[in-house]
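Hi,

Here is the model I said I would pass on. Have a look at it first, and then read on for what I found in it.

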Amino acid sequence: NNETDAIRGTDPSSRIELDGNQILGNCGHEGFCSASVPIPCYRCTKFQPWVDGPHEQVLARLIKRQEQENNIFFKSTTRRLLTPLQLDKDIRAVERVIALCKQRLEDE
């Protein structure tokens, strides 16, 4: 539910943050992680999201970023400058966390 319940909840360095000031959850991994926090965390089995974390903000940003990626074009042509990043797996992972957090709140 929150940091008290997290495996490494007593370790402030385990916090997964959004913009350095909003905590999304904790990381249960003991070693070094090279992931670009916080997006890959949603697909990691060691991620322990807080039920009241700002996961909807993460989802909104991912959707906006996907829209931006899908609209990368050369000027004066409809050919794509780059192949857009595909964030669908990340979007689905965040949606799943949101659904699980809502379910957890309903079960209490």
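Predicted model: local features only at pLDDT ≥ 70, side-chain atom pairs only at ≥ 80, totals over all residues.

The crossing of the two helices is left-handed. On the α1 side, the contact is made by His55, Glu56, Val58, Leu59, Leu62, Ile63 and Gln66. From α2 come Asp88, Asp90, Ile91, Val94, Glu95, Val97, Ile98, Cys101 and Lys102. Sorted by type, the residues of this contact come to 9 nonpolar, 2 polar and 5 charged.

Gln66, in helix α1, is buried, with a relative accessible area of 10%. If you leave out residues up to four places away in sequence, Gln66 touches Leu85, Gln86, Leu87, Asp88 and Ile91. Asp88 and Ile91 are also on the α2 list for the helix contact. Ile63 belongs to helix α1 too, but Ile63 is partly exposed, at a relative accessible area of 34%. Ile63 and Ile98 are 35 residues apart along the chain, and their C-alpha atoms are separated by 14 Å.

Now for the whole chain. How many helices and strands does the protein have? There are 2 helices and 3 strands, and from the N terminus the order is β-β-β-α-α. The radius of gyration is 16 Å, well over the 13 Å that the globule rule gives for 108 residues, so the protein is more spread out than a compact globule. Along the principal axes, the C-alpha trace spans about 55 × 35 × 25 Å. As for burial, 33% of the 108 residues count as buried. Taking contacts between residues at least 6 apart in sequence, 45% of them join residues at least 24 apart.

On to the strand part. Ile16 sits in strand β1 and is buried, with a relative accessible area of 5%. Setting aside neighbours within four places in sequence, Ile16 is in contact with Gln22, Ile23, Leu24, Gly25, Asn26, Cys27, Val37, Pro38, Cys41 and Phe47. For a distance to check on screen, Ile16 and Ser36 are 20 residues apart in sequence and 11 Å apart from C-alpha to C-alpha.

There are also two backbone details to look at. Most residues other than glycine have a negative phi, and most peptide bonds are trans. Asp19 has a positive phi of about 60° although it is not a glycine; you will find Asp19 in the loop between β1 (15–18) and β2. The other detail is the peptide bond from Val37 to Pro38, which is cis, with omega near 10°. Pro38 is in the loop between β2 and β3, and both Val37 and Pro38 are among the contacts of Ile16.

That β2–β3 loop holds a couple of other residues I looked at. Gly28 is in this loop and is buried, with a relative accessible area of 14%. Not counting residues up to four places away in sequence, Gly28 touches Arg8, Lys46 and Gln48. From Gly28 to Pro38 is 10 residues along the chain, with 14 Å between their C-alpha atoms. Cys44 is in the loop between β2 (22–27) and β3 (47–49) as well. Is Cys44 buried or partly exposed? Cys44 is partly exposed, since its relative accessible area is 37%. The C-alpha atoms of Cys44 and Asp88 are separated by 15 Å, and the two residues are 44 apart along the chain.

That is what I have for now.

Cheers

Conventions:
Residues numbered from 1 in each chain as written. Heavy atoms only, no water. Left-handed = near helix turned anticlockwise from the far one by under 90°. Helix = DSSP H or I, 4+ residues; strand = E, 2+ residues; numbered from the N terminus. Contact = heavy atoms within 4.5 Å. Nonpolar A, V, L, I, M, F, W, Y, C, P; charged D, E, K, R; others polar. Rg over C-alpha atoms; globule rule 2.2 N^0.38 Å. Buried < 20%, exposed > 50% of the residue type's maximum accessible area, 1.4 Å probe, protein only.
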